[in-house]
Amino acid sequence: MVIAYHGRHHLSNTIGGNDLRYHRCVSGTHVDADAGPEPPDAPGRLGLVEAFVNSLHMPEGPDLLATPDAARAWLQHQGFHTPRLSPGERDDLVELREALRDLLEGNAGHQVAARTVHAVMQRLNASALETVISPAGAELVARGSGVAAFTGELTAAIVIATTDGTWQRLKVCRNDSCRWAFYDGSKNGRRTWCSMRSCGCQSKARAYRARKRETSAVSA
Ligand SMILES: [Zn+2]
């Protein structure tokens with residue numbers, strides 16, 4: 001089966017009609033002069049990787065892949081018809097998602113463990129990809145259906161993004177309690193927070209409080 005790519009509107013994460021992409025990020029009320037714009041969505045097929053990693057809202061959830069039924073509905077929403085999904089297949093998807101989250105930390109300058117790379121490769125290598133040649137050039141097309149088609153599309157997205165230089169800009173927020181995947185659209189590509197309005201500012205506020213405590217301790 002050739003996967004029809006449905007475009008960006010299928011790549012959002014929703015629960016009850018609410019878009020969760022920046023739910024965490026826009027919930028902060030502290031806005032300062034340094035607050036930058038919200039990061040843009042990852043471009044093209046890379047948006048699927050971003051949506052997949054962000055199907056868990058850390059630290060407490062919701063998790064859009066919480067059960068086999070929920071995960072099946074999520075896949076369906078992304079355009080991958082999956083009539084059945086076993087508990088084991090759901091667990092494999094969650095493991096892949098978390099391994100991808102760890103892998104994306106590499107794009108934010110962190111060390112990535114060899115076992116993380118292995119876990120991603122092991123799962124993505126099970127998918128079937130085909131190169132389709134046309135007068136317009138070559139295209140990577142995922143074969144199969146359901147989970148296999150989904151992991152094939154993830155693989156194609158990562159290969160293409162690595163080649164066009166967008167992969168390196170898909171990062172995981174450095175706030176340990178957030179770890180939201182975001183696309184760094186900044187000029188210098190050095191953004192490390194998903195949103196300066198929430199994570200960045202919270203972190204700066206914590207640093208400010210810590211400095212203030214230290215100053216008080218010294219002057220006491
Ligand atoms: Zn964040």
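This is a predicted model: local features need pLDDT of at least 70, side-chain atom pairs count only at pLDDT 80 or more; totals for chains, interfaces and linings use all residues.
Local features were taken at pLDDT of at least 70 and side-chain atom pairs at pLDDT 80 or more, while totals for chains, interfaces and linings use all residues. Residues are numbered from 1 along each chain as its sequence is written.

The protein chain has six helices and six strands. Both are DSSP runs, numbered from the N terminus: H or I over at least four residues for helices, E over at least two for strands. Their order along the sequence is β-β-α-α-α-α-β-β-α-β-β-α. Of the 220 residues in the protein chain, 33% are buried. A residue is buried if 20 or more other C-beta atoms lie within 10 Å of its own, exposed if 12 or fewer, and partly exposed in between, with C-beta atoms placed from the backbone. Two residues are in contact if their C-beta atoms, placed from the backbone, lie within 7 Å. Among contacts between residues at least 6 apart in sequence, 62% join residues at least 24 apart.

Strands β3 (residues 129-134) and β4 (residues 137-142) form a hairpin. Two residues lie between them. The strands pair in the antiparallel sense, over six bridges; pairing requires at least two bridges found by DSSP. Within this pairing, glutamate 130 has valine 141 of β4 as its bridge partner.

Helix α5 spans residues 146-164 and has 19 residues. From first C-alpha to last, α5 reaches 27 Å, close to the 27 Å expected at 1.5 Å a residue. The expected span is 1.5 Å times one less than the number of residues. Buried residues of α5 include Val147, Phe150, Leu154, Ile158 and Ala161. Gly152, Glu153 and Thr155 are also among them. The cover over the buried residues of α5 includes helices α1 (46-53), α2 (68-77), α3 (87-105) and α4 (114-124). Glycine 165 follows α5 and has a positive phi, near 85 degrees.

Two loop residues were examined individually. Glutamate 60 sits in the loop between α1 and α2. Glutamate 60 counts as exposed because it has 7 C-beta neighbours inside 10 Å. Arginine 179 lies in the loop between β5 (170-172) and β6 (181-183). Arginine 179 is buried, because 21 other C-beta atoms lie within 10 Å. The phi of arginine 179 is positive, about 50 degrees, although the residue is not a glycine.
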